[in-house]
Amino acid sequence: MNSIQQEILLELRNLSTVYPTKRGLVRAVDGVGFSVKRGQILGIVGESGCGKSTVLLSILRLIRRPGYIDQGQIIFRGQDLRGLSSNAMRNIRGREISMIFQDPLSTLNPAFQIGQQIHESLRLHQVIDGSRSLGPLKMGQRAREKERVLEVMTEVGIPSPVDRYTAYPHQFSGGMQQRALIAIALVCEPALLLADEPTTALDVTIQAQILDLMRRINQNRGTAIILVTHDLGLAAEFCDTIAVMYAGRIVEQGPVDDVVANPQHPYTQGLLACRPRISERGQRVQPIPGNVPDLAELPPGCPFAPRCSYQRGACDEGPIPLVSTSLGNISRCLLHVDYRRQKDWKWTDRVALEA
Amino acid sequence: MRAIKILERVIATIPIMFGVAIMVFLFMRLTPGDPVDIMMGQGGAVSAGEMERLRHEFHLDQPLSIQLWLFLKDAFRGDLGYSYVQKRPVIDLIVERLPATIELALGALIFGLIIAMPVGIISAVRQNSLLDRFSMAGAFLGISMPAFWLGIILILVFSVRLHWLPVQGRIDHSAGLQEVTGLYVLDSLLTGNREAVASSLKHLALPAVTLGAGVAAVVARVLRSSMLETLRSDYVTLARAKGASEWMVVLKHALRNALIPTVTVVGLQIGVLLGGNMIVETVFGWPGLGRLVVTAIFNRDFPLVQGTVMVYAFTFVMANLIVDVLYTYLNPKITL
Ligand SMILES: Nc1ncnc2c1ncn2[C@@H]1O[C@H](COP(=O)(O)OP(=O)(O)OP(=O)(O)O)[C@@H](O)[C@H]1O
Ligand SMILES: [Mg+2]
């Protein structure tokens, strides 16, 4: 790894995003922090409703009112995006950081041609230099822009792009729609791609193709990717590092091999255990018992405690810190809190558990 | 391809018009009151022989089936007969009056849309703001207020009290307008007659506002609710994620899709504009088809009522065809 790849592109610090609702304040993202280096792929894994999409939308500052970012910093290339004017923020969106969404059909505008929609991103950011062309030469710029659109359509694997340029979204299959969305995201060559469950709506073979495409983009262009998924297995194959989220918080984080081979947090262990594996027939899939908690009424202690087989009284007493485990993962569980230095914890069974 | 489809739709209006012709014929015959009696009642004492002669001239002494046959046969050739009362070809009377009605309907439609578009869009973008609540209350009022009542209030305020606008008619004859199309505002613009522009606009203002208020209210409400929906959609989030400015997001991505249901409603409002004009034309003394047909109904002037209703029906069908064509341009998923 050279030094460029070590450069930190995006760093979230203690990010919290909330949605006021009738039932109370929903803490969809609560003190999340991670960093993504150039060219790296980070996976965010968790069950439905744990706040994964909210993390991505917060990065682009696209949280819908009445929701808002409550605290934290979003440091991209050294500057906090939360401090930017809305104009400056628009220059980041689509140009520096792009996003692709879960449901391709509803994300493409039904009223415009695919080519137009890809072209729009390009034009919004004036990526193709038109400053030297005057008057009639603008035509030349237009033509170059179109050329670029066709080029990116080819790159994402849309066959016969010249014909498909004028097609409408409903005339595309789901896989082609997702390719078109990726083309929209990539046309300005962003440094960071946010992918919110990009393959969930697609069938398995198409899923593999789309992931393959994303990996190629990552390798050829050095585009960093944050991949959001509820599938730990998929993240394990695809990502460099993994952050596991539960109820708006990161519960475990680390290099992919450590997290998958040696999951430290009981929730990660549960996610791995309930993953169906074709190779090990006969072994039963074990779902995690219970349900995800209501984010408007979180308990003071560990939100996973009610579903956790290691649960002890101390789990419910107060917030659990994120601590480094012996393996280099970080985990938010009392199992890894050194009980001797934390006199307040009544964690008497620790020794028994380790045995 | 599209041209052929449009032609097909135009041809498909023939059976519709046929049905309309039969219906209006029967309804007129079902209404009590004999045309000749009414004519004579107005003219004073007339001999029984004279009445008999008129009945014969109008074929009213023939069986209904024969009368219907004669009417349909002539109508098919484009001959709508003679007005009993005015003794002139129905088609001439209609051609004389039609431009006034079209001008009023267009004026009302344009007024309605000019109000409804910004109100609908801004109310959706600023949902639950004071402006939103205020305009939706106004729209509710606009929908529930009868046109004749609104017309009279406007006359009282703007004509009688303030003397800003005329009460009656389409233009001051002193303006010396040269007719081209029969739409006076358009004609004054075409002939460059400034005085006539001002005069015709002043005359048009109150009737168009009265007739257009309901349209404005209905369209504003539909546009607002469609905008609320499209503004929440994923493609609007994508537009923002691309870096589009807020007005681009609203006016391009959200509005374009919100227009699809709105256009349908505007099409339905054309029927309301045509139906409502009878009242508005009567209140404002507007010399259009609406007043013509109202008088013709009172006189039991069968050919004139039949002819006018058929023109109404034809206009309505054509307006809807235009809306349907527009719809296919807005919504790529639909073909004619
Ligand atoms: N606009 C909103 N208003 C109120 N609550 C919201 C809103 N959007 C999301 N939430 C809540 O915030 C929490 C996190 O939502 P988010 O969409 O980020 O989850 P997710 O992990 O992406 O889930 P999924 O896998 O289903 O996409 C959920 O409990 C959800 O109910
Ligand atoms: Mg989501």
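How far apart do the C-alpha centres of domain 1 of chain A and domain 2 of chain A lie? They lie 28 Å apart. The model shown in these views is predicted.

**View 1. Domain 1 of chain A meets domain 2 of chain A.** The domain assignment gives domain 1 as 1-96 + 190-300 and domain 2 as 107-189. Contact involves 18 residues of domain 1 of chain A and 14 residues of domain 2 of chain A. Between them the two domains bury about 1400 Å². Carbon and sulfur atoms carry 59% of that area. R95(A), P190(A) and R221(A) supply 37% of what domain 1 of chain A buries against domain 2 of chain A.

View 2. The kink is about 45° and is centred on L255(B). G285(B) follows helix 11 of chain B, and its phi is positive, near 55°.

View 3. Across all chains, the whole structure has 0 disulfides. A disulfide needs two cysteine sulfur atoms within 2.5 Å. For C308(A), the closest cysteine sulfur is in C333(A), 6.0 Å away, so the pair is too far apart for a bond. C308(A) is buried, at 16% relative accessible area. For C315(A), the closest cysteine sulfur is in C302(A), also 6.0 Å away and too far for a bond. C315(A) is buried too, with a relative accessible area of 9%.

Note on methods
Residues numbered from 1 in each chain as written. Chains lettered and ligands numbered in written order. Predicted model: local features only at pLDDT ≥ 70, side-chain atom pairs only at ≥ 80, totals over all residues. Heavy atoms only, no water. Buried < 20%, exposed > 50% of the residue type's maximum accessible area, 1.4 Å probe, protein only. Bend = angle between axes of the 7 residues up to and from the residue. Helix = DSSP H or I, 4+ residues; strand = E, 2+ residues; numbered from the N terminus. Domains from an automatic or database assignment. Contact = heavy atoms within 4.5 Å. Buried area = accessible area lost by both parts, 1.4 Å probe.
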